[in-house]
Amino acid sequence: MKLSHISLLAGLLLSSPSWALSSDTEQPIHINSNSQSFDMQSNQVTFIGDVTLKQGSIEIFADKLIVIRPQGQEGREILEAYGNPARFSQLTDDGKTLKGKADKLRYELEKEFLKMTNKAELKQDDSIIKGKVITYNMKTQKLIADGGKDERVTTILQPTQLNNK
């Protein structure tokens, strides 16, 4: 493998998403899996089998994780995690843990945009949002949950959290 391809792979894996503690983005990304493959033509790395990703307090667990970097566009990586379900957790700046799960998680680093699809669920403390699709824009802190054609969105807010707001 040429040195430039090794540098590209290292850069691809060390990009920093910003959906966790402020200090998480300064941490290296560690990915473990049963196997991995790198497609140099599409700048795509696929990790398969018992995949774990950790960056600071961020954790993702999936059956399959694809990391995509558009040609020559560092910082625009896209992470797609698949599982039954794929799961993630993040420690927020206020010390709370945000947990999510869905059949598919898609995170676009540049846009700081997370999309959870099929059996999506987002939890913080005892509050829960469930729907077919949940999207969250970290920059604007806007969340949208959609039940799709045949489902409804379910939200459970705990009284102690409502009283604290």
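Student: Is Lys119 buried or exposed, and how do I read that?

Tutor: This is a predicted model. Lys119 has a relative accessible area of 58%. Exposed means over 50%, so Lys119 is exposed.

Student: With which residue does the side chain of Lys119 meet in a salt bridge?

Tutor: The general idea comes before the case. Side chains of opposite charge can pair when their charged atoms come close. Here the partner of Lys119 is Asp103, with 3.9 Å from N to O.

Student: Why does Glu80 count as buried, and how does Arg106 count?

Tutor: Buried means under 20% relative accessible area. Glu80 is at 9%, and therefore counts as buried. Arg106 has a relative accessible area of 23%, a value that makes Arg106 partly exposed.

Student: Which residue forms a salt bridge with Lys123?

Tutor: Lys123 pairs with Glu121, and their closest N and O atoms are 3.9 Å apart. Lys123, at 33% relative accessibility, is partly exposed, whereas Glu121, at 11%, is buried.

Student: Which residues do salt bridges that share partners join into one network?

Tutor: The network consists of Glu80, Arg106 and Glu108.

Student: Now a residue of another kind. In which strand does Ala145 lie?

Tutor: Ala145 is part of strand E9, which spans residues 142-146. Its relative accessible area is 25%, so Ala145 is partly exposed.

Student: Which residues does Ala145 touch, not counting residues up to four places away in sequence?

Tutor: On that count, Ala145 touches Ile129, Val133, Ile134 and Val153.

Student: How far apart are Ala145 and Leu122 in sequence and in space?

Tutor: Two separations can be read for such a pair. Along the sequence, Ala145 and Leu122 are 23 residues apart. In space, the separation between Ala145 and Leu122 is 9.8 Å, taken from C-alpha to C-alpha.

Conventions: Residues are numbered from 1 along each chain as its sequence is written. This is a predicted model: local features need pLDDT of at least 70, side-chain atom pairs count only at pLDDT 80 or more; totals for chains, interfaces and linings use all residues. Side-chain values use heavy atoms; hydrogens and water are left out. Buried means under 20% relative accessible area, exposed over 50%, partly exposed in between (1.4 Å probe, protein chains only). A salt bridge is a side-chain nitrogen of Lys or Arg within 4 Å of a carboxyl oxygen of Asp or Glu. Helices (H or I, at least four residues) and strands (E, at least two) are DSSP runs, numbered from the N terminus. Contact means heavy atoms within 4.5 Å.
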